[in-house]
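Hello,

Here is the structure I promised to pass on. Have a look at it first, and my notes follow below.

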Amino acid sequence: MLQRLITLFSPADLAALLFFLAGWVGYSTYSDRAANHFKGLQGVTRKHRLAWAHQMVLRDNRMPDVSLIGNLMRSTSFYANATIYIVAGLLAVAGALDRLVVFTEDLPFTRQTSREILESKIFLLTAVFVFAYFKFTWSIRQFNSLSILTGSAPSHLSPPEELNRHAEQFGRVNALAGSEFNRGIRAYYFGFAVLGWFIHPAVFVAFTLWVLAVLWRRDFRSKTLRAMQGN
């Protein structure tokens, strides 16, 4: 399989693909580690999720918390449903590759490509959105667990040790669900980068760099981050 890919694609295509994968994995690792140390937008949001947990266990009426969890689940469900339609659309395109090859041959900014190459690019794009779908659905399940933790929360009159222990559980599950949702959203960004590969390997690299710059700026230099930090 690997030998087939090497012979199928040009060195420029393979270099662009490796750069894309390295950029995605590298940025995801960097962002997740920053979040673990409460840095960046994801890390600051995690702080607020933990603060929410400690406020939740002190409340007598927890309906606001139920409403907030429901809102988070609806947002995640929207993306999961949208991803299903995207994957279905890409599979439909894969079934009409011959016509797509003929169509792309008439475009002035694309290179001549074979059916196998185009099929591989569509497969990569489909794999990106399948990855996003798994992240969104796992996030939904974790938010489901969060709603159960809300229902099983001890009375606000319980001993502080019991309240703190439950708050830590709630905060950890909330942070995990949020991290999975962020990974799914990140996959959407990199899915747009893959579109550049249909034009030219250099455009693929340029789109990947653009996506990395946008993600870094929003996660570590945005006005939203400063507002969440209280600056």
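Helices (H or I, at least four residues) and strands (E, at least two) are DSSP runs, numbered from the N terminus. On that basis the chain has 9 helices and 0 strands, so its elements read α-α-α-α-α-α-α-α-α from the N terminus on.

Before going further, please note that this is a predicted model, where local features need pLDDT of at least 70, side-chain atom pairs count only at pLDDT 80 or more, and totals for chains, interfaces and linings use all residues. Residues are numbered from 1 along each chain as its sequence is written, and side-chain values use heavy atoms, with hydrogens and water left out.

Of the 231 residues in the chain, 41% count as buried (under 20% relative accessible area, 1.4 Å probe, protein chains only). For contacts (heavy atoms within 4.5 Å) with a separation of 6 or more, 77% join residues 24 or more positions apart.

The lining has 25 residues, and Leu 41, Thr 45, Phe 181, Asn 182 and Asp 219 lie nearest the centre. Which helix gives the largest share of the lining? That is H7, with 8 residues. Helices H3 (40-56), H4 (63-94), H7 (160-195), H8 (201-220) and H9 (223-229) each supply at least two.

Best wishes

Methods:
1 Å grid on protein atoms, 1.4 Å probe; cavity = no way out; pocket = protein on both sides within 12 Å on 5 of 7 lines; lining within 4 Å. Buried < 20%, exposed > 50% of the residue type's maximum accessible area, 1.4 Å probe, protein only.
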